[in-house]
Amino acid sequence: MIYGVISHKQELILEDRTSFFINYAGSVIQNELHIEKYGVSTRKLYKVLANVIIDWHWLSKINFQEYNFSGAGELVWIPHRFGGIQQIVPSVAYTGIKKSHELFVNILDLIGFPEYSKYGIRGVIENNGQRHILFPTSISYKLMKKTRVEDNERYHWGNLIKIYSKLPDSTLDSLASCRTITLCLQCLWIQFVMWKYYLNSLLTSIINNDDPFSENNKSKIKYFYSSSSACIKQLFVKLNYYNNINSSIEELQEISKNTEYQRNIPCNFELNSMQFNKANLEIFQACTSILESLHEICTQFINLNHIMNDYEEVDFTLLEDSLDIMINKTQLSSTLFDINQWITIFLGKDNEKEIAIKLLTLINIIFNHFENKLGLQFNPPNLHYKSFLENQYPLPKLHFIDGN
Amino acid sequence: MLKNKYKIPEDTIKLFNEYISDDTLVIGILRSGAHIPHIYQNACRNEGIKPQKINLILSHMISFFPKNFFHERKILILDDTVFNGSTMQQVKDNLLDLGADPTKIRTATLVVNSDSKYEPDFPKTKKCLDLVNYIAWKEEFCSIIADDIRPTERDHPLYYFNSNNLRISDFLAILQDYGQIHSVGNALGSVVKISLSIDSSNLSIPLEIKGVDIGDLFKIRFYIKQIGKKTFFTFVPICFPTINISEFLETSADHLAKYFCLNEDFFTNIFDKFGTLSHQMIYYFVSRGLAAEMLNNLLLNIIPRIRFSGIDFSILNPKYVDGSINYIFPHEYSTFYNTYFDRYTQILSQTKVFESFPFTEKWRIPEPYNNKFENRKNTLTPNTFSILTLLVDEKSPVFWDGNSWIPNEKMIGITFHEILKKFNNKVFISKALDELLESGLLRAEDGQTEETKGGFSRIFLPGGEYNSIALSRIADTFNFVGTFQCDNNLAEEEAIDLWGYFS
């Protein structure tokens, strides 16, 4: 066992690099897009940084002589229900700052502290339902030189940020999520994980609640259902991105054509150790249509109880079609695929808990099938992300220097 | 197994085999250079090679030797790294002042910063590292030291003990009756480091000692390592007195020497031998003597309790611990150390059997530290680092030359007492200093400041090299007064948007 814990001093260096990378990125994006007055939306920031992080790892791995980068601080690329995004996994054990899934720190929780705000962050505003950070309009050379980010790193980081900041949001998303098959599969996988999590939470809240459709619980159910619907939608979005990735790559190359990176980005290498391959994409595609059908059944349950504001009446045809798809595509046999059962309980009175239990069971059967087919686990998000960072990280980092 | 990316143990073997012989006098520069011979020794043992004998003098004691001690000697000044060479050059200059032959002095380091203009003599093929790798190398080196039973600070006498059956938890339970305990550093090695902060009032010297202010706090650091069934301890007693040497010599030197069980002319002999150059040495022995007395008091209390529990506990001769490293100390140090070694041995050899649990003399415990004390700043960086702001108040540890930040070599140190005036919890300061010294952001030495008004004290300075820039950066964080305040609602919305309500 190698003592993997880094020293307090190395933790502070990591934090210093992270805060500078973020501030500098924000400042460059603002200047490039002339949005100093409006700031940079967190969503845009995550997407731009997600792309730059991918290139940062690979450029330095493939051509260390040219791109001598020591690390990416505490910035990581993660698959998310929004697609590939950047997040911060701090090495310092902060007190009083909540971590999502016990891993990720909210950037808006960090930037109010001097470690981040000392570069000149001007505030946070809300615009069209999104949070925008007013980054510094500029960072002095003197201040930059005090950080632990070397001159060459600063130069390349700024240039890469500039390039990616010019891309439209969909292209940013496409390149952050699907530029390689591994990244694409990670982004598909997380949709399955989140869908299962949302539906488990939704159904459990009905099963365990004496008044499952109270106003309070109803808003929870609405939230879980909407989120799970978004997962289904995103599956198709990501598959479409992957199938059309070349056009996103061409868009980027058009922007970078007069820069020194024109032949080098976007980096779309694969780590040899990664287990994904093309066959798994086809299986994922097959599983997606099964999941879509499963979601349809859940939708009918939601309609039955008039949860959503724009609900429709239960469509038994869709219910039966969905069950047929599942039977055909899984080749599983279970009484749970029998349409008669579902019709009976749907048309029964006050059967919501019974239906919820049945749905949970069906979900478990289907997801067991997915696990067998794909050789992947569909754990709750906490465990999934922990395993992802420890065992599945798709970018090379062993060449980076500890504490950077 | 420790990280070994930079092959440090292998490099020490190469260096010693090629450039050091048993007639070489190695000057180990504090703090890190002094550890290299031990890294070498351990590396040899791991490789199954017999280590050669190393004659080692610690750099802080150079001026404690009589003039011409170094005359005609073959000397190697040893440090782990060279950043700009000023430390190495200073040690070399000191040796020349003391009569060393310039043609017989050589310098050696394991690595050199690629921007350094100073070139050590050895090794002939230098290992040059850019700043990023230099820092990473240093961290790896520090992790090797962290696995040693000797503290990073090497200018305190070390007292070694061992036991066959004393559990660390039992040891800590006993210590808690005598002061506040805290751990030092993070769990990077196999050595547990504990610090016991002791109220100064628990050392009552039964005579008036003029010219000596014993300071606000004593501490004893414990370095504990289990090897098989045995547990090895290093006790390092420390205190922070301020001493007006002239006044002390005139009024109290003989009394205190007697109190320390030394010859009453111990201090005056030093003055007679070295004249005005003796002040630093006198400070050294007075302060280490006071600290050793506090350890004496502690042992008088804890040894009966340890014995009562049927636990064996012995003192170890340093030669047993040092192996092939032959420490060369000035005569006065040997006298001092042997005196305390004998006194501690006597305490441990007492075989009085207690019929009931020995009554523990009531010790005054310093006020504990908690996170809510008033000086807390709203930062991500742990509050223990806020002490660094004091170092930048008077003078910046770095200055800007228009192109880069340069460490300021004319820094003024601060004393424990000055820190206490601003951060008024002694235990907080004790813990913070331990962390900062361990990390290298601070270094400690005996010296003089304006606050001591010509007297000597233990002073704390920036760690030097790139640590000065790190220190300045951290101090900037604590001193930053910004106008931006993030709305908690927006942060909450962001978290929900990203992760949902229930993550």
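Predicted model: local features only at pLDDT ≥ 70, side-chain atom pairs only at ≥ 80, totals over all residues.
The area buried between chain A and chain B comes to about 5500 Å², and 66 residues from chain A and 57 residues from chain B take part in the contact.

**The A–B interface**

- Carbon and sulfur atoms give 61% of the area buried between chain A and chain B.
- Polar contacts between chain A and chain B run to 18 residue pairs, both residues at pLDDT 80 or more.
- On the side of chain A that touches chain B, helix α1 (residues 8-33) gives the most, with seven residues.
- That side of chain A splits into 29 nonpolar, 17 polar and 20 charged residues.

**Cis peptide bonds**

- In chain A, the peptide bond from A:Ile265 to A:Pro266 is cis, with omega near 0°; A:Pro266 sits in the loop between α10 (245-255) and α11 (278-304).
- In chain B, B:Leu30 and B:Arg31 are joined by a cis peptide bond with omega about 5°, and B:Arg31 is in the loop between β1 (24-28) and α2 (36-47).

**Positive phi outside glycine**

- A:Glu102 is not a glycine, yet has a positive phi of about 60°. A:Glu102 lies in the loop between β4 (99-100) and β5 (104-105) of chain A and is exposed, at 58% relative accessible area.
- B:Asn68 also isn't a glycine, and its phi is positive, near 75°. B:Asn68 falls in the loop between β2 (54-58) and β3 (74-82) of chain B and is partly exposed, with a relative accessible area of 49%.

How values were computed. Residues numbered from 1 in each chain as written. Chains lettered and ligands numbered in written order. Heavy atoms only, no water. Contact = heavy atoms within 4.5 Å. Buried area = accessible area lost by both parts, 1.4 Å probe. Polar contact = N/O pair within 3.5 Å; in protein donor to acceptor, adjacent residues only side chain to side chain. Helix = DSSP H or I, 4+ residues; strand = E, 2+ residues; numbered from the N terminus. Nonpolar A, V, L, I, M, F, W, Y, C, P; charged D, E, K, R; others polar. Buried < 20%, exposed > 50% of the residue type's maximum accessible area, 1.4 Å probe, protein only.
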